[in-house]
Each structure stands twice: as structure tokens, then as C-alpha cells.
Amino acid sequence: MHSPFASFVLEHGNDDTADLLLHADRSGDGMDRFSGGVDLGLACRTIESRRKLRGKLPSWVAQPELWLPSPLSAEQCSSELTARFKALIVAALGVRSVCDITGGLGADDVAFISGPGDENAAFMSGHGTEDAAVTGVVERLHYNDMNPALVEAAKHNFPLLGVDKATFSCVEVRPETDIAAEICGGKEVDMIFADPARRSGSGGKVFLLEDCSPDILELDLLSKARFVMLKLSPMADCTMLLGRLGGHCRDLYIIESGRECKEILILMDREHEGGCACHAVVLKEGCEPGVFDYSPKEESEAQAVYDTALGKIGPQELWLFEPGKALMKAGVFKSLCTRHGLMKLAPSTHLYTCKTPSKHLEAFGKHFKILETRLFCGRNIKSLAASYPAAEVSARNLKITSDELRKRLAVSPGGHIHIFACPLADGTKVLICCEV
């Protein structure tokens, strides 16, 4: 049997929450309620949050008793995939105690306790850490958030999600805050985790560390724990981040999931000196993580190799490789040529050709079989739809959007054809017709 709260959430899961609030019963304690004592405001915020979590935290959505008081926190929280990957890092380090100073809904905290998941356990076993998936689960978790409603929700939710090893606090973390005394019960922890709020006072998104809350640069977290893990905006400049955070940055992870760059993770270690290892990571449900290790120094020294044969208009015995969002964010444009034998189309056209698909790159982008190449000109633009009436269309490095190009080509979306329009290294503009 569900509680009245959960029954209400399930019954009204598809309703207009604004309309529900209009029909509230005003009670003497100032709360908006329906009969049965349901806190209508919390129920409506939970309904809105559940809608945002359907694709991100399915195990949470399956539990209607959860309190979800902040739709904004639901929008910004980690998915189960990205949370389990963080748990993988924590397990591999052998971390036993974590303090989350910006708890939010607590998706990452639940993963720290629950462990990295089966797909990540297999990944760890294949990388020489056979026992980490079993012994690396966090034994002590300290959840903190400055929003009392989120703290109360975490206290209520964590036991329902199988987490019984947490303490809870509501402290605004400042440079003078004694984290061990005020949050961790007088005990030091192995790792501090932080996901600074990335909203300005006006509600707009911010990307600079000093504009986030709390300002990580002011807190000196490495003096309070050996490891610090930061979850940061996918829009942040990686080079700037490493420059601002200093020489104790050990690993930087660019996380892609669902063909989107979701977040940047930085692992800091006060015992580490000697440069930061960089990784582009692709996560897919039920699959081991795809990890592409890269080096900004290697990229700066690499020489791009350009495809000169693609300009020979006609049938091609080539494949096209389109890098995914993680590789694009990493900026490994030239080293794809030197490391994997790809040929770039043009300096600012981040598409590549190869004679056969690269197995090493399968997780990090898409391969297309090139059917033919045509000049990008009025005659071919008008006639292409006769050969390919349905196709996906992408304009790259041109003064035209993909939607505008689709209208000019007069092709319908869908099908198994993808048409790329882009310039080559010699300036020739082409239409590359590919089979997905």
C-alpha cells in the first residue's frame, strides 16, 4: 500500500500542477493540502521533478514515496549512468569516506554507497582492479546542502533507496567552515565531493568557477581531504579549469552520454604532482565505459593529414568518421590523424575519412559508408533529392545551417542516408552522401 502522498503523486502524475495548486485547501498551518493531509506544494514539485528524472534516474522514478522538492535540482542532478561512473572512480581509489558539500538530490551520493554497477565492475576487472568493485564501496557518507528542504528530502529518501550509512547537515560552506567538525562529526574524510551551483542571481547559467556557489577557489578543500572530486559545467573551458585549480589536478574526465556532453569531472589529489591525465568518456547503459585517453601536449604537436582524394567527385571506397561530443570537447582534432590514421577534411571541418572503420573509435563517434561525393553547387542541390528523397542532413563549417540546407535540398528527414555538406582543405565545397 502506498502512502497518501505517493498515491497522490501517481494519480496526478500527468496533471497540470498549476491547476492542482489552484484547488488547494488552505489550512491553519499555512500549508496547501488536499484531503488526506498531503502537502500539495511538495507533491506538485515532486510530480514536476519526476518528469525531469524519467530518463535520468529510472530507479528513483520507480519509487513514488520519494520527496523531490526542487525541479531545478532534478534538472541539474546526475543521471544514474554518470553517477555510477563517479562511483567507479571512487571505488578504484579505495575511498571509504566521502563528504558531499553540495548534496542536492543526492544521486551521486546514492551511487557512492551502492557501488559502480555491473558494467563498471567488469570494466574495473579488465583494468587490474579486480577487488575494487567489491571493496571500494563507500562506508561513510556525509551529505550536506544549504537548502533545508533538500536536506529533509535526503533524510527521507536515502533509506528508501537503500542508503543507511549517511549523516545529514545543513551548512553553508565558506572558507572558514570547519568541514570535519561541522559536517563530518569531527572526523576527516578521504574525499570531498562538490557540484557547485551554476546559476547566477538572475537565474542565468554561469561557467567560471568564481561565479558558482560555493566558490571552489576560495575553499582550499585539499587541506581538508586528500581527494577532491568536482563536477563542473560541460561548457567550461578545460584548459582554464586546470590553470585555475593548480598542480594537484590528477585526472580530468569529459563525460558524454546520450550523444551529449553531460559534465566535466576533475579529480584532485594533494599527493599528486606532475600534470593532469585527460580522458574523454562515453557512457552507454549496460556497456563498459568507453575511455579515450588524450594529451593536450600531443594534440599541440600533432600534424593533421588532409584527404585530397575526396575531391575526386564520384563513387568512393571510403568511410567517414564523425567524432562524438566528448572528442569534440576534448579538442583532439589533429591527434586523431597521427594516432589512428584518419584523414581530416579541412582544418575547421572536424570530419575524417578512413579506408575501414576503426574499432578503437567505435564508442567515440559514428562511422558512415561514403556512397558518393558531389560538388556543392546549385545543380546538385536541386537534383540530389531525386537520388536521396529521405536523408538526415548536416552542414559543417559553412555559412548555412543544417535546417536551411535541408530546405534547399528538399529531402525528407529519416531513412538510412546522411548527407554532409562541408568544405575540403583546398576550399572545394562538397556534398558527401553516406549510408548510416
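Analyst: Arg84 and Glu285 join side chain to side chain in a salt bridge, at 3.0 Å from N to O. (A salt bridge needs a side-chain nitrogen of Lys or Arg within 4 Å of a carboxyl oxygen of Asp or Glu.) The model is predicted: local features need pLDDT of at least 70, side-chain atom pairs need 80 or more, and totals for chains, interfaces and linings use all residues. Residues count from 1 along each chain as its sequence is written, and side-chain values use heavy atoms, without hydrogens or water.

What does the Arg84 and Glu285 pair tie together? Arg84 sits in helix H6 (residues 80–93), and Glu285 sits in the loop between strand E11 (277–283) and strand E12 (290–294), so the contact links parts 201 residues apart in sequence. (Buried is under 20% relative accessible area, exposed is over 50%, and partly exposed lies in between, for a 1.4 Å probe and protein chains only.)

This pair belongs to a wider set. The whole structure holds 21 salt bridges. Glu172 and Arg174 form one of them, with their closest N and O atoms 3.2 Å apart. Glu172 is partly exposed at 40%. Arg174 is partly exposed at 40% too.

Arg406 and Glu392 meet at 3.4 Å, N to O. Arg406 belongs to helix H18 and Glu392 to strand E18, so this contact ties parts that are 14 residues apart in sequence. Arg406 is buried, at 17% relative accessible area. Glu392 is partly exposed, at 31%. Elsewhere, salt bridges with shared partners connect Lys86, Asp108, Asp195, Lys231 and Glu263 into one network.

Back to E18 and H18. Strand E18, helix H18 (residues 402–409) and strand E19 build a left-handed β-α-β unit. (Right-handed would mean that, with the strands pointing away from the viewer, the path from the first strand over the helix to the second runs clockwise.) The Arg406–Glu392 contact therefore links the helix of this unit to strand E18.

E18 (residues 392–395) and E19 run parallel, joined by four bridges. (DSSP must find at least two bridges for two strands to pair.) Val393 stands opposite Ile419 of E19. Strand E20 (residues 429–435) also pairs with E19, but here the strands run antiparallel, with seven bridges. In E20, Cys433 is the bridge partner of Ile419.

E19 and E20 make a hairpin. Five residues lie between the two strands, and Gly427 in the turn carries a positive phi of about 95°.

How many residues of E19 are buried? Seven of the seven in E19 (residues 417–423) are, so the strand is largely enclosed by the rest of the structure. Ile417, Ile419, Ala421 and Pro423 point one way, while His418, Phe420 and Cys422 point the other way. Residues on both faces are buried.
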